[in-house]
Amino acid sequence: MDSKALRKALVPLALAQFICSFAGSNMNVMINDISSDLDTTVHGVQLAITIFLLVMAALMIPGGKLTDRYGRKRCLTAGLAVYGVGAVLSALAPGLPVLVLGNSIFEGVGTALLIPPVYILATMLFSGVTARARAFGAINGMAGIGAATGPLIGGLITTALSWRVAFLFQALVIVVIFVLSRRYVRDPGPPDPARPFDVRGAVLSSTGLVLVVSGVLAADDNLWLMAGLLVAGSLTLVWFFHSVRAKERAGVEPLLSTALFRSRTSNLGLVTQNVQWLVLMGISFVVSAYLQVVRGYNAIQTGLILTAATVGVLLASLLAERLAERHTQRSLVLTGFAVTVAGIGLFLALLAISPQVWTFLPGLFLIGLGIGAMLTPSVNVVQSSFPDALQGEISGLSRSVSNLGSSLGAAIAGTILVAGITRTPERSYALALIVLAVIALGGVVAAAFLPRTRPSPVR
């Protein structure tokens, strides 16, 4: 494909990542409207949000593996169809159960099917660090913009029309992506219908991830339940990896090759991806809740304030290719985490000085700038560590790790807010941000061990 055709193919791929990230954050500003309209609780709507993120994380690895058997473009199309049905169901939901079915299940499954092909196709169509930085910069930039503008766009639609129209907006974007992908995206490699699919591995990996995140969510209700779920989830994942090793020794292809974990660079990159999305979704959750619950701002006011982070993400994404030419992936990830931590500190410091609206903006801008600066290099580090034959598996693993981070971010932040740790409820928001800053410092440590030069792909 020539450069013009590649640019056209990149548009639907980037839009697909945008709408999935948008779906993960836009409901944050619609919590009160949805709970009131559906005669349910705020906790019920928050649970629907968390289940959506959890379904994505749990099914991303199987979704990535299916691309090898049925083809990248076919899985992309199937994911778009399932997601579109979920968006329409959510818009028509008469109560919370149907909303969970449409948003949490259908949209979650659709996302797990369509996102791995996005990254596989980008990796296979674009070659070289700089070219992939351009592609991943566009895709991850739209991911960050989707997550950051979700509250703004969702707030505008909810305030002017209805929260239901926000889901119809998602369905409309899905139709646009479907048309563009059919026209401009081609699969660079044929599918392999004879490729085996590890059903037991898919069940074990998904169950383990669900149990682990459910354990985090149970922290504010019952510590014994939390411990039990975490232990059960950990044992299930150990069982999954034991199953993988057994299949490989028997010469049978497992769901996830152990070769994916032989690259120290990729492993560190996966850690940074997980932490980035954990921090991004955690901050979005905490700040959105604070603005609505404590400050009493409506959906559109909340979205407008969070636009400061969107601007930071967009600016960093636009500079992704240029930054990749001048700096190593390691230095970009390190700097991104450092700027994000500084942004959290500035946000808390200014908020303590003055209650005025402007005090939110500098810190949020720095947070967006920092996260936007490291999204692309982290993905580039991981995807470029493997040859084309392993792109289906590593893409699924990479997106699962990132979405698991999103789930944990919302779960950890939500747990701190309702756990009653602080003397006054308002201080819980500051505590949640401090915890997220400490986690981001863990990302700094992981990034410090990344190599200063690009590693050779694992064979």
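Me: Leaving aside its neighbours within four places in sequence, which residues is Ile305 in contact with?
Reply: In this predicted model, Ile305 has its place in helix H11, which spans residues 299-318. At 6% relative accessibility Ile305 counts as buried, since buried means under 20% relative accessible area. Once its neighbours within four places in sequence are set aside, the residues in contact with Ile305 are Leu291, Tyr297, Val357, Phe360, Leu361 and Leu364.

Me: What separates the C-alpha atoms of Ile305 and Val357?
Reply: Val357 is among the residues in contact with Ile305, and the two lie 52 residues apart along the chain. Between their C-alpha atoms the separation is 7.9 Å.

Me: Which residues touch the most other members of the largest nonpolar core?
Reply: The largest nonpolar core has 107 residues, and helix H10, residues 264-294, gives the most to this core, with 14 residues. A second, separate core has 14 residues, including Ala202 and Ile394. Within the largest core, the members that touch the most others are Ile19, Leu99 and Leu364.

Me: Which residues does Leu99 touch, not counting residues up to four places away in sequence?
Reply: Leu99 is one of the residues that touch the most other members of the largest nonpolar core. With residues up to four places away in sequence left out of the count, Leu99 touches Met27, Ile34, Leu38, Ser90, Ala93, Ser104, Trp163 and Phe167.

Me: At roughly what angle do the axes of helix H3 and helix H5 cross?
Reply: Two packed helices are described by the angle between their axes and the distance between the axes. For helix H3 (residues 42-70) and helix H5 (residues 96-125), the axes come within 7 Å, and the crossing is right-handed. The angle at which these axes cross is roughly 35°.

Me: How do the residues of the contact of H3 with H5 divide into nonpolar, polar and charged?
Reply: The contact belongs to the pair of helices whose axes come within 7 Å. The residues of the contact of H3 with H5 divide into 18 nonpolar, eight polar and one charged.

Me: Is Gly108 buried or exposed?
Reply: Gly108 has its place in helix H5, where, not counting residues up to four places away in sequence, Gly108 touches Phe52, Val55, Met56 and Asn103. Gly108 and Ala23 are 85 residues apart in sequence, with 9.5 Å between their C-alpha atoms. Because its relative accessibility is 0%, Gly108 counts as buried.

Me: Is Ser243 buried or exposed?
Reply: The place of Ser243 is in helix H9, residues 223-249. Not counting residues up to four places away in sequence, Ser243 touches Arg200 and Leu204. As its relative accessibility is 1%, Ser243 counts as buried.

Me: How far apart in space are Ala194 and Arg69, C-alpha to C-alpha?
Reply: Ala194 lies in the loop between helix H7 (163-184) and helix H8 (199-217), and Ala194 is exposed, with a relative accessible area of 69%. Although Ala194 and Arg69 are 125 residues apart in sequence, their distance in space, C-alpha to C-alpha, is 6.9 Å.

Me: What percentage of the 459 residues in the protein chain do buried residues make up?
Reply: The protein chain has 16 helices and zero strands, and among its contacts with a separation of 6 or more, residues 24 or more positions apart account for 82%. The accessible surface of the chain comes to about 17,600 Å², of which 67% belongs to carbon and sulfur atoms. Of the 459 residues in the chain, the part made up by buried residues is 57%.

Terms used
Residues are numbered from 1 along each chain as its sequence is written. This is a predicted model: local features need pLDDT of at least 70, side-chain atom pairs count only at pLDDT 80 or more; totals for chains, interfaces and linings use all residues. Side-chain values use heavy atoms; hydrogens and water are left out. A nonpolar core is a set of buried Ala, Val, Leu, Ile, Met, Phe, Trp, Tyr and Cys residues joined through side-chain atoms within 4.5 Å. Buried means under 20% relative accessible area, exposed over 50%, partly exposed in between (1.4 Å probe, protein chains only). Helices (H or I, at least four residues) and strands (E, at least two) are DSSP runs, numbered from the N terminus. Contact means heavy atoms within 4.5 Å. Axes are lines fitted to C-alpha atoms, for helices over the stretch in contact, and angles run from 0 to 180 degrees between N-to-C directions. A crossing is left-handed if the near helix is turned anticlockwise from the far one by less than a right angle, and right-handed if clockwise. Ala, Val, Leu, Ile, Met, Phe, Trp, Tyr, Cys and Pro count as nonpolar, Asp, Glu, Lys and Arg as charged, and the others, Gly among them, as polar. Accessible areas come from the Shrake-Rupley method with a 1.4 Å probe; for residues, only the protein chains shown count as cover.
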